[in-house]
Structure formats: structure tokens, C-alpha cells
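I opened my notebook for a first look at this one. Here is what I looked up, entry by entry.

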Amino acid sequence: MSSTAHSNDPSTLVQNPNGAVLPPGEPTHEAVRAGSGRSSMSGTITSEKNGLPEGEKKDDPKNAKDDAQDDDVIVVGWDGPDDPANPRNWPLKRKWTVALTVSSYTFISPIASSMVAPAASQIAEAFNIHHSFEGNLTISIFVLAYAFGPLILGPLSELFGRARVLQAANFFFFVWNLACGFAQNEAELMVFRFLSGFGGSAPLACGGAVLSDMWAPEERGQAIAVYSLAPLLGPAIGPVAGGWIAERSTWRWVFWSTSIAAGLVGILGVLTLPETFAPALLQRKAEKIRKQMDVEKGPAKEVRTIFQKSGQTKTFKELIVVSLFRPFILFAKEPIIQLVSLYLAFIYGVIYLVIATIPPVFANVYHERPGYIGLHYISLGLGLFIASQANARMLDKVYVALKKRNNGQGEPEFRLPTVMPGTILIPIGLLMSGWGAQEHVHWIVPDIGYAIIGAGMVLIFQGMQTYVIDSFTVYAASALAAVSFFRSMAGFGFPLFAPAMFSALGYGKGNTILAACAVAVGCPAMWLFWTYGKKIRGMSAHARKQ
């Protein structure tokens with residue numbers, strides 16, 4: 001038969017003929033026996049299940065078995081369960097090198113998002129910005145780009161691979177962040193900030209998916225804990241450096257310094273970030289086999305990967321359209337994505353509201369200089385860091401313990417126990433920081449409140465991000481993109497209304513309202529996920545069933 005066009009779309013998965021859900025890398029015996037000795041190309045004719053993400057939806061098992069026995073079809077998969085080319089089988093040192101590289105990408109972009117906060121007054125003076133809304137917009141517009149970037153970059157990583165998208169987007173961020181330092185008016189700065197934020201959003205869309213590519217569910221908790229810390233720790237650390245740079249130099253060096261750091265991270269990524277997405281890796285393997293077949297005599301054979309349907313033909317345009325619309329489809333059809341998006345949107349909005357209000361609190365209430373104001377972000381960073389280190393050790397331990405109690409069957413909901421303390425810590429921190437500033441007590445009281453807020457946020461983000469990744473394995477990038485859109489919209493909007501709210505209500509009453517909302521949203525959401533999460537996933541067309 002003639003060779004046909006093939007899809008890279010990971011939605012075209014196939015099922016184990018027995019209907020069992022096996023760990024990644026375990027071939028079905030029927031397909032291996034059917035494929036053994038059938039081709040001299042290499043050991044690439046493998047089972048339909050070999051290397052598939054756990055619990056994903058697959059194609060008709062009858063078709064899978066027929067393809068494995070069809071001499072005109074070469075099914076390309078991993079060379080057995082221990083294939084070193086499979087990212088799940090990479091040495092632990094290599095996995096952690098990749099994880100730390102992705103975390104570096106994820107760290108540098110959020111630093112750029114908030115590092116400009118202490119320099120906002122200088123920018124306002126340079127460009128004659130007199131309205132607080134416009135001043136806050138110079139900070140928030142970067143986060144607005146975080147909302148739209150993952151909707152495009154996440155699906156593209158499922159089409160072209162993670163490494164290419166991450167590296168290209170980081171270069172895009174580097175160019176436009178550098179251009180911010182050369183902006184000559186407010187409009188230029190706004191446009192350049194938005195474009196740099198678009199490029200900087202790629203790690204938020206693809207980073208968690210990279211870790212999912214390399215680790216099984218019971219192993220990935222610690223890696224995701226480190227990765228999830230980066231986008232939260234960055235906004236806390238950035239203003240510390242930004243405050244001193246703005247005081248000792250000019251606001252332009254705030255952008256140039258982060259561009260230098262982004263350039264160094266980009267070089268590190270080129271050297272240490274390989275491709276991890278299984279469909280992309282196997283597609284490259286299939287392309288090599290097709291090239292070998294071109295010079296061989298005999299009838300052409302169909303060559304496809306274990307992630308593709310037999311005889312499926314899709315144009316490049318169709319692939320792009322399907323990939324780009326997947327985050328919207330997930331949000332429209334998946335209650336899990338809707339609920340997680342709502343809750344994380346509120347939490348992300350709160351952290352950017354805190355970032356935006358620290359300068360006026362310590363300038364107007366405590367009358368401090370920009371350099372010293374930036375130091376108060378350390379308290380937020382300490383809370384994030386300490387809670388993250390503790391949670392990194394707990395995520396996998398709690399998951400493994402609950403898995404044993406559940407007869408060895410892991411569930412994404414087993415990530416939620418570590419989230420629940422965060423739903424209590426955030427309201428406590430908001431009350432302490434708000435009323436501490438309102439009553440003009442010692443500055444250490446608001447700082448302790450910020451630390452508690454940071455601890456609560458990292459517990460929630462690490463647990464919920466891991467929950468989404470475990471629930472939507474092969475669609476992790478698109479699922480995270482859908483979640484990222486709404487949380488970034490909140491991160492953009494919250495700081496814009498903060499001055500008006502605190503001016504009308506004061507810091508005490510304003511934070512009390514936020515604390516009440518945190519309790520009203522967080523506690524019912526955790527109960528709903530824990531009680532009905534499995535049932536909701538069972539009705540899903542995209543979520544992992546078990």
C-alpha cells in the first residue's frame with residue numbers, strides 16, 4: 001500500500017487490546033509477538049500501548065491488533081520498556097538537569113513581571129503618567145500577555161515539541177524585554193511589555209508538561225514542587241533587586257539586567273534542554289525510517305507512531321487549528337478545568353495585588369525609601385520558599401501512602417491533602433497584613449502576614465498544578481494553558497482596582513473582604529474535588545480515568 005500522511009496529534013491514541021491501563025513503557029504481549037521479526041529497520045515496531053501516558057484515551061483495540069499484524073504497516077514505538085531514548089527511562093541526573101533548566105526559564109520571566117514595581121514612580125515621572133491606573137498598567141500588562149501566550153504556545157508544544165517552543169519563546173522574551181529599556185514613551189513601553197510577556201509565558205504553558213513527560217505520577221511531585229515555586233518566587237524576589245537598581249541607577253537598567261539574565265538562561269537551555277515529548281520523539285524516529293525506505297526496493301509501507309491512527313490524514317492547517325482550539329475546548333467541556341481556573345485565578349490575583357500594594361503600604365504608612373521597600377518582598381519569598389521545600393517532600397509521600405491504601409491504584413485527587421492547609425493560611429495572612437498596616441503597628445506584622453500568604457499560595461499552586469497534570473497527562477500543556485489564561489487575567493486585573501478599593505475601604509477592611517472570598521471559594525472547591533473529582537473525571541472525554 002502507499003504511504004499516507006500522518007498526524008502528530010496526541011489525541012489519536014490507541015488502546016491496549018485487553019483494555020487494561022498499563023504503566024508507560026509496557027508493551028502488550030500480543031502486539032510485540034505480532035511485530036517481532038517483521039522488519040529489518042530496527043527494533044521500532046512495538047505495541048500500541050508502549051510508552052503511552054497513563055490512563056489516556058486510545059483507539060479501537062481491534063484496529064491496534066490488526067495493525068500490529070499488518071505487514072504493510074510499520075508501527076513505531078520505543079525499543080522495549082527500557083529504551084534509553086524514552087524520557088521516562090533517562091538517568092535521574094539528566095531528568096533533574098532538564099527540570100532545573102525549565103525552572104530557570106519559569107523563574108526569570110516572573111522576575112521581569114514584578115521587578116519594575118519599585119521603579120513605577122520613576123517610569124511615571126519619565127513619561128508624565130499621573131493616574132494610578134495607568135501606572136499600575138505598566139506592571140500588569142506583562143501579566144495580561146501571560147493570559148494569551150499559553151493558549152498558543154501550549155498547543156504548539158504538543159505539535160512541534162517542548163524544547164523548540166521554549167527556546168524560541170525565551171528568545172522572543174529576551175528581545176522585547178531588552179527593547180523595554182529603550183522605550184521613549186508610554187505607548188512603546190506598553191507594547192514592548194506585552195510582547196515580552198507573551199514570550200515569557202511559554203514556561204508556564206510547557207514547563208509542567210515537560211516534567212510530566214519524564215516522571216511517572218508517583219515520582220513527579222518533587223520536581224513539580226520545584227518548578228511551581230519559580231513563578232511564585234520570581235515576583236517576590238524581582239522587586240528586591242528592582243528597588244535597589246531603581247534607587248542607584250535608572251528604571252531602564254531594571255529591564256536590561258533581566259534581559260542579561262534571560263540571555264544566560266537561554267544559552268543554558270540550548271545546551272541542556274533536549275526534547276521530552278514522546279509523540280515528537282517517535283515522529284522523528286518514524287521520519288528516519290521513511291527516509292531509509294525511500295532507497296529500498298519493494299512496495300512502500302505506511303509508517304506511523306503509536307500515537308497515530310492508521311490511515312489518518314490531516315493537513316498542517318488542520319493540525320494547527322485542532323491544537324490551538326484545544327485549550328478552549330478543555331475549558332468549555334471540563335468542569336475540573338473550570339473550577340481549578342476559577343480558584344487559581346483568585347489566588348494569582350491576590351499575589352499580584354500584594355506585589356502592587358507593598359510599595360504604597362511601606363511608602364505611605366511607614367515612609368520608607370524604594371530600596372528598603374523592596375526588602376519587604378523577602379518576607380513573601382521566605383514564605384514561598386519554606387513552604388515549597390516542605391511540600392516538595394510531602395507531595396509524593398502523601399500520594400504514595402494514599403495509593404497503597406487504595407489497593408495500589410493512584411488517583412489525581414491524592415494531591416489535594418497538601419493543598420488544604422493553603423486554603424486556611426491565605427485568609428490568615430491577608431488579615432494580618434491588612435490590619436497590621438491599617439493600625440500602623442510594627443512593620444514586622446505585615447511582613448509576617450505576607451510570609452503566611454506566600455506559604456499558602458505555594459501549597460495551593462503546587463498541589464493544584466500537579467492535580468491538573470495528573471488528570472490530563474498527554475493534554476497537560478493545553479490544560480495548563482486553559483488554567484493559565486484565567487489566572488493571568490486575574491493577575492492583570494486585581495492590581496488595577498486595588499488602589500481604588502484600599503482608598504475607599506482601607507487596608508484592613510479591603511483585606512478582610514479578600515480573606516472572606518478566599519474562604520468562600522477555597523474550602524468548598526477542595527471538598528468538591530476530593531469528594532466528586534473521580535466521578536467528574538469519569539465523565540470527561542480528555543481526563544485520565546484511573
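**Entry 1: helix α8.** I started with helix α8, residues 202-214. I found that its 13 residues reach 18 Å from the first C-alpha to the last, close to the 18 Å expected at 1.5 Å a residue (the expected span is 1.5 Å times one less than the number of residues). Is α8 mostly covered or mostly open? I noted it as mostly covered, with 13 of its 13 residues buried (buried is under 20% relative accessible area, exposed is over 50% and partly exposed lies in between, with a 1.4 Å probe and protein chains only).

**Entry 2: ground rules.** I reminded myself that this is a predicted model, in which local features need pLDDT of at least 70 and side-chain atom pairs count only at pLDDT 80 or more, while totals for chains, interfaces and linings use all residues. Residues are numbered from 1 along each chain as its sequence is written, and side-chain values use heavy atoms, with hydrogens and water left out.

**Entry 3: the whole chain.** I looked up 18 helices and 2 strands for the protein chain (DSSP runs numbered from the N terminus: H or I of at least four residues for helices, E of at least two for strands). Of its 546 residues, 59% count as buried.

**Entry 4: Tyr-227.** I went to Tyr-227, which sits in helix α9, residues 221-248. Tyr-227 is buried, at a relative accessible area of 1%. Leaving out residues up to four places away in sequence, Tyr-227 touches several residues, including Pro-203, Leu-204, Gly-207, Gly-208 and Leu-211 (contact means heavy atoms within 4.5 Å). The C-alpha atoms of Tyr-227 and Leu-211 are 8.7 Å apart, though 16 residues separate the two along the chain.

**Entry 5: the cores.** Which residues touch the most other members of the largest nonpolar core? I found Val-340 and Met-464, in a core of 118 residues (a set of buried Ala, Val, Leu, Ile, Met, Phe, Trp, Tyr and Cys joined through side-chain atoms within 4.5 Å). Helix α13, residues 335-365, gives this core its largest share, 19 residues. I also saw a second, separate core of 8 residues, with Val-73 and Trp-78 among them.

**Entry 6: a helix pair.** I ended with α16 (residues 420-438) and α17 (residues 444-471), which pack at about 160° with axes 7 Å apart (axes are lines fitted to C-alpha atoms, for helices over the stretch in contact, and angles run from 0 to 180 degrees between N-to-C directions). That makes α16 roughly antiparallel to α17 (over 145 degrees; under 35 is roughly parallel, 65 to 115 roughly perpendicular and the rest oblique).
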